Amino acid sequence: MWCFNRNKKKTVKPNIIWLDETDSTNNYLKNYVPASDEKISVVVADYQKSGRGQGDNTWESEGGKNLLFSILVHPVMVPVHCQFLLSMAEALAVKETLDKYTDGITLKWPNDIYWNDKKIGGTLIETTLGGGHIKNCIFGTGIDVNQTEFKSSAPNPVSLKNILGNDIDRKKLMDEIVDSFTKYYAMIENGQYGDISALYHLALYRRHGFFKYRDKSTDEVFDAAIIEVGDDGTLVVRDRNGMISEYRFKEIETVL
């Protein structure tokens, strides 16, 4: 499903809040009351006591080593059925920033950031609807920056320091992400939905060729190629027999 919007908006300077510790940056922003002219709010924590991923997943992060942040926006201009465009925009902002440090960054549907075949970041997105519109959208993102050892059961974590061999200035990296996000969110506000979608598809992990996937309802493993990701987040794939299938979140997974 494709969406169009021709409204024009001016970009605004985000408000960035740095915290030593919180339970969850997403939770912090759920209780945060922005100023009336504050269009983009960002909270960053050195440590999260209850960092979360999708579903029941948790996010492992050594204190003061990585980037743990959430971004709050109020995208009332975006139709509810097109809300995955917001996820695309935020992911593109992270990729654009990480591209300055290393090659090999891609976006793994629906919400992971990959370096080659390893996960360097991920995002949990929570939206609040009201009056048929998206009232609030919170992007909760974790990026592995300077942590080099991982103790959780996650199969393929990697950090920028693992890749580059040296520490990265987290504040500089955060400022760069916020600058990029401001740019891509302005594209959303300006109705450049087609541009966002096109850039997202160019950045997709395994966007060319057949790879193994698992249908989580049947546990069947099959080869498929990505056709597209709809503005509503639906993943459309084609198997080797030419059969086309559509999957929502948690209905299919990549076999690494």
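This briefing describes selected features of one protein structure, grouped by topic. The model is predicted. It holds 13 salt bridges, and several of them are described below. Other topics are the contact of helix α4 with helix α5, a buried lysine without a salt bridge, Lys108, and a cis peptide bond from Trp109 to Pro110.

**Helices α4 and α5**

- Two packed helices are described by the angle between their axes and the distance between the axes.
- Helix α4 covers residues 170-189 and helix α5 covers residues 193-203. Their axes come within 7 Å and cross at roughly 135 degrees. That angle makes α4 oblique to α5, because an angle counts as roughly antiparallel only when it is over 145 degrees and as roughly perpendicular from 65 to 115.
- On the α4 side, the contact is made by Tyr184, Met187 and Ile188. These residues meet Tyr193, Asp195, Ile196 and Leu199 of α5.
- By class, the contact of α4 with α5 has 6 nonpolar residues, no polar residues and 1 charged residue.

- Lys108 lies in strand β4, which spans residues 105-108.
- Lys108 is buried, yet it has no salt bridge. The nearest side chain of opposite charge is that of Asp112, at 4.0 Å.
- Apart from residues up to four places away in sequence, Lys108 touches Tyr114, Tyr205 and Thr254.
- Asp112 does form a salt bridge with Lys119, and the closest N and O atoms of this pair are 3.2 Å apart.
- The two partners fall into separate accessibility classes. Asp112 is buried, because its relative accessible area is 13%, whereas Lys119 counts as partly exposed at 24% relative accessibility.

**Further salt bridges**

- Lys161 and Asp167 meet through their side chains in a salt bridge, with 3.0 Å from N to O. Lys161 counts as partly exposed, because its relative accessibility is 24%.
- Asp175 and Lys171 form a salt bridge in which the closest N and O atoms are 3.2 Å apart.
- Asp175 and Lys171 are 4 residues apart in helix α4, so about one helical turn separates them.
- Asp175 has a relative accessible area of 28% and is therefore partly exposed.
- Lys212, Asp223 and Arg240 are linked in a network of salt bridges.

**Surroundings of two residues**

- Val236 has its place in strand β10, which runs over residues 235-239. Val236 counts as buried, because its relative accessibility is 8%.
- Val236 and Ile226 are 10 residues apart along the chain, and their C-alpha atoms are separated by 6.2 Å.
- Leaving aside neighbours within four places in sequence, Val236 is in contact with Ala225, Ile226, Ile227 and Glu228, and also with Ile244, Ser245 and Glu246.
- Tyr28 is found in helix α1, formed by residues 25-30. With 28% relative accessibility, Tyr28 counts as partly exposed.
- Tyr28 and Ser70 are 42 residues apart in sequence, and 8.7 Å lies between their C-alpha atoms in space.
- Not counting residues up to four places away in sequence, Tyr28 touches Ile17, Leu19, Thr22 and Val43.

**Backbone features in loops**

- The peptide bond from Trp109 to Pro110 is cis, and its omega angle is near 0 degrees. Pro110 lies in the loop between strands β4 and β5, the latter being residues 112-115.
- Arg206 has a phi angle near 55 degrees, which is a positive value in a residue other than glycine. Arg206 lies in the loop between helix α5 and strand β8, which covers 211-215.
- Arg206 is buried, because its relative accessible area is 17%.
- Asp219 also has a positive phi angle in a residue other than glycine, with a value near 65 degrees. Asp219 is found in the loop between β8 and β9, with β9 spanning 220-229.
- Asp219 counts as exposed, because its relative accessibility is 53%.

Definitions and conventions
Residues numbered from 1 in each chain as written. Predicted model: local features only at pLDDT ≥ 70, side-chain atom pairs only at ≥ 80, totals over all residues. Heavy atoms only, no water. Axes fitted to C-alpha atoms, helices over the stretch in contact; angles between N-to-C directions. Helix = DSSP H or I, 4+ residues; strand = E, 2+ residues; numbered from the N terminus. Parallel < 35°, antiparallel > 145°, perpendicular 65-115°, else oblique. Contact = heavy atoms within 4.5 Å. Nonpolar A, V, L, I, M, F, W, Y, C, P; charged D, E, K, R; others polar. Buried < 20%, exposed > 50% of the residue type's maximum accessible area, 1.4 Å probe, protein only. Lys, Arg positive; Asp, Glu negative; His and termini not counted.
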